Amino acid sequence: MSYVFFLFQQTMYFTIPLMVVALGALYSERSGVINIALEGIMVMGAFVSVLFIHTFEGQLSGQAMLLAALAIAAASGAVFSLLHAYASIHMKANQVISGTALNMMAPAFAIYIARMIQGVQQIQFTNTFRIEKVPVLGDIPFLGPLFFQKAYITTYLGVAILILAATVMYKTRFGLRLRSCGEHPQAADSVGISVYKMRYAGTLISGALAGAGGLIFIVPTTVNFNATVAGYGFLALAVLIFGQWKPYRIALAALFFGFMKTVSAAYSGIPLLADLGINSYFYKMIPYIATLVVLIFSSKNSQAPKAEGIPYDKGAR
Amino acid sequence: MKIKKLLALSLALAMALALAACGGGSATTTATPTPTAAANTYELALITDIGTIDDKSFNQGAWEGLVQYAEEHNITHQYYKPTEKSDAEYLNAISLAVEGGAKLIVTPGYLFESSIYEAQTLYPDVKFVLLDGQPHTADYKTYEIKDNVYSIFYAEQQAGFLAGYAAVKDGFTKLGFQGGMAVPAVIRYGYGFVQGAEAAAKEMGLPEGSISIKYNYSGDFAATPENQTRAASWYEDGTEIIFACGGAVGNSVMAAAEAGKDKWVIGVDVDQYAESDTVISSAMKMLGTSVYNAISDFYNGSFPGGQIVTLDIAVDGVGLAMDNAKWRTFSAADYQKLHDAMVADTDGIASSILTNTVGDTDGNGTADEFSDFLVAANLKYVTITEVK
């Protein structure tokens with residue numbers, strides 16, 4: 001049984017950052033702005049927040065520190081995504097190019113500043129954030145060890161963000177307006193919705209979530225931040241497409257990707273899986289093959305926002 | 001329009017300032033040029049391979065040796081970073097260094113082998129120190145070293161042997177080897193680790209098959225959740241100590257060890273104790289010292305050009321970090337005893353360590369090669385679980 005708990009706990013390390021970042025991308029794409037800058041924004045969010053953790057390690061620790069760092073990661077991600085928003089909304093630039101520029105700039109910026117401040121590019125941090133056991137809840141049989149032991153507060157935050165994201169998207173006026181800007185901005189404008197404002201909001205939310213996702217990704221993975229998030233920003237895009245731009249489907253897609261990645265990495269330590277003797281490359285391939293299959297079958301009836309990637313031009317008809 | 005012009009102007013100004021700041025940054029990494037030296041020439045140069053100058057491992061170790069000599073003797077020095085991993089780009093970086101006035105160029109890593117093969121003929125007046133490799137053509141057909149190249153190899157298998165031996169002597173029975181890419185140096189570390197564990201178990205009279213080692217090459221040199229999860233699953237399965245031998249892969253192993261109880265990591269290349277409290281010791285190769293010595297020989301007029309050497313434990317080319325080690329029972333005296341035995345090669349303890357000589361011509365590990373190694377090593381006390 002302990003292996004089930006172990007697999008689940010490890011799966012969360014993959015799933016939660018992927019889900020949070022993909023939900024961020026959902027907001028920007030639903031507003032009509034392609035955001036392939038997720039990778040760069042993750043790097044930026046992780047960089048600023050890890051630098052914060054490194055600097056204030058003496059004063060703060062545990063959950064207070066993690067929450068403060070998450071807020072900072074989100075804020076810096078939002079600020080960084082402003083560059084993308086300004087270029088692609090105001091200047092009507094090609095959104096793929098602008099996103100690529102951010103992706104290339106973020107690691108260079110992180111390395112340059114880190115070296116300027118402390119001489120080396122890796123920023124050390126001490127992980128004081130793991131919750132061994134949540135009081136009371138952790139003692140519930142089965143569910144306790146599954147959800148409430150050896151966890152990070154980010155797991156619960158991730159679930160909260162999912163519910164919030166889905167609610168805002170489908171149950172609020174803001175969500176409806178945001179979605180309309182991604183489907184038919186001219187129509188939205190004709191009824192008095194500011195397409196620019198909505199798109200700025202979408203991109204900023206995506207920046208905040210991607211920035212926070214960067215920190216969520218880094219914390220359990222390593223002991224120092226080395227200006228990279230190992231391509232998980234791009235993977236989050238795949239999760240978004242696999243989830244067909246719908247919040248709960250995105251969560252399922254992230255869980256699927258995360259579980260497969262966990263199995264491929266962890267099978268050697270789990271007797272039952274090790275005995276099966278399936279090569280880890282097989283597990284590694286599955287999520288990508290699944291994405292291709294989904295794309296093949298859904299491309300005719302894609303749920304992608306119609307106006308995605310097209311700069312809004314008031315004068316166009 | 002005026003506002004736009006102003007904006008453009010301020011942007012241009014900001015960029016110029018940023019560039020100036022960059023210039024300032026790199027100037028601080030170089031020593032102040034001697035008054036006689038022409039402006040902006042650097043006598044000593046290092047080209048980084050795919051890692052960075054502060055990778056806390058290979059490039060950094062070599063660079064530190066170069067800087068130490070340069071600062072002691074007030075010699076101008078600079079490092080160059082190729083824009084991408086290709087022979088052409090490496091050669092470009094070398095040309096850049098030569099144009100920048102380099103008299104001696106250090107190239108850490110076997111990736112430079114074919115670029116140095118070209119460069120040694122192109123720049124006969126420049127000396128090259130090639131670490132972990134020897135010059136040959138890109139198709140591995142012609143091996144040739146000229147008088148201006150000094151090739152240094154390290155006996156990583158001995159460093160790995162020390163690590164494996166110490167781990168078993170210290171009472172660990174469930175071990176792991178987490179390599180990065182299966183490049184020659186990593187393979188040598190791994191093979192040595194396995195044989196060191198075997199030798200210690202034999203010496204201690206443990207029952208046959210009492211040591212288990214999980215063995216994997218991750219295929220990258222990066223900190224990723226996959227590497228963290230693999231290490232965590234090994235620890236979960238009972239593994240007590242993992243020899244992490246792949247740059248930043250080690251950071252993920254450390255993250256996994258920190259999440260467990262009484263789980264340990266053996267670092268690699270340099271003493272990595274500062275990276276995490278879980279680092280029990282490190283298998284080291286003395287990159288800095290060997291670069292320092294080569295440069296010192298160069299200035300003394302005795303540059304060992306045309307030579308290919310393998311620095312081993314007898315010349316302190318490799319070793320185990322004991323200053324900050326956290327071994328439970330393996331003491332400095334134990335290490336000294338092992339060290340002396342290996343230097344004296346008692347019963348062939350050092351020379352009998354198998355390395356990856358059975359490998360492909362390109363030096364990279366293959367599945368066949370590993371099984372060949374297992375047959376040749378004929379392990380009795382150690383059971384290997386190869387993780388693919």
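pLDDT is the predictor's confidence in each residue, from 0 to 100. Over residues 16-37 of chain B pLDDT stays under 50, and for this stretch the model has 14 contacts beyond four places in sequence, two residues being in contact if their C-beta atoms, placed from the backbone, lie within 7 Å. Chain B has a mean pLDDT of 86, with 87% of its residues at 70 or more. For the complex, the predictor gives an ipTM of 0.88 and a pTM of 0.85.

This is a predicted model, in which local features need pLDDT of at least 70 and side-chain atom pairs count only at pLDDT 80 or more, while totals for chains, interfaces and linings use all residues. Residues are numbered from 1 along each chain as its sequence is written, and chains are lettered from A and ligands numbered from 1 in the order in which they are written.

Chain A contains 13 helices and four strands; these are DSSP runs numbered from the N terminus, with helices (H or I) of at least four residues and strands (E) of at least two. Its C-alpha atoms fill a box of roughly 60 × 50 × 40 Å along the principal axes. The radius of gyration of chain A is 20 Å, which agrees with the value near 20 Å for a compact globule of 317 residues; the radius is taken over C-alpha atoms, and the globule rule is 2.2 Å times the number of residues to the power 0.38. Among contacts in chain A with a separation of 6 or more, 78% join residues 24 or more positions apart. Of the 317 residues of chain A, 49% count as buried. A residue is buried if 20 or more other C-beta atoms, placed from the backbone, lie within 10 Å of its own, exposed if 12 or fewer, and partly exposed in between.

At the interface, 27 residues of chain A are in contact with 29 residues of chain B. On the chain A side, helix H1 (2-30), helix H9 (195-221) and helix H11 (247-266) each supply at least two residues. By class, that side has eleven nonpolar, 14 polar and two charged residues. Ala, Val, Leu, Ile, Met, Phe, Trp, Tyr, Cys and Pro count as nonpolar, Asp, Glu, Lys and Arg as charged, and the others, Gly among them, as polar.

Most residues other than glycine have a negative phi.
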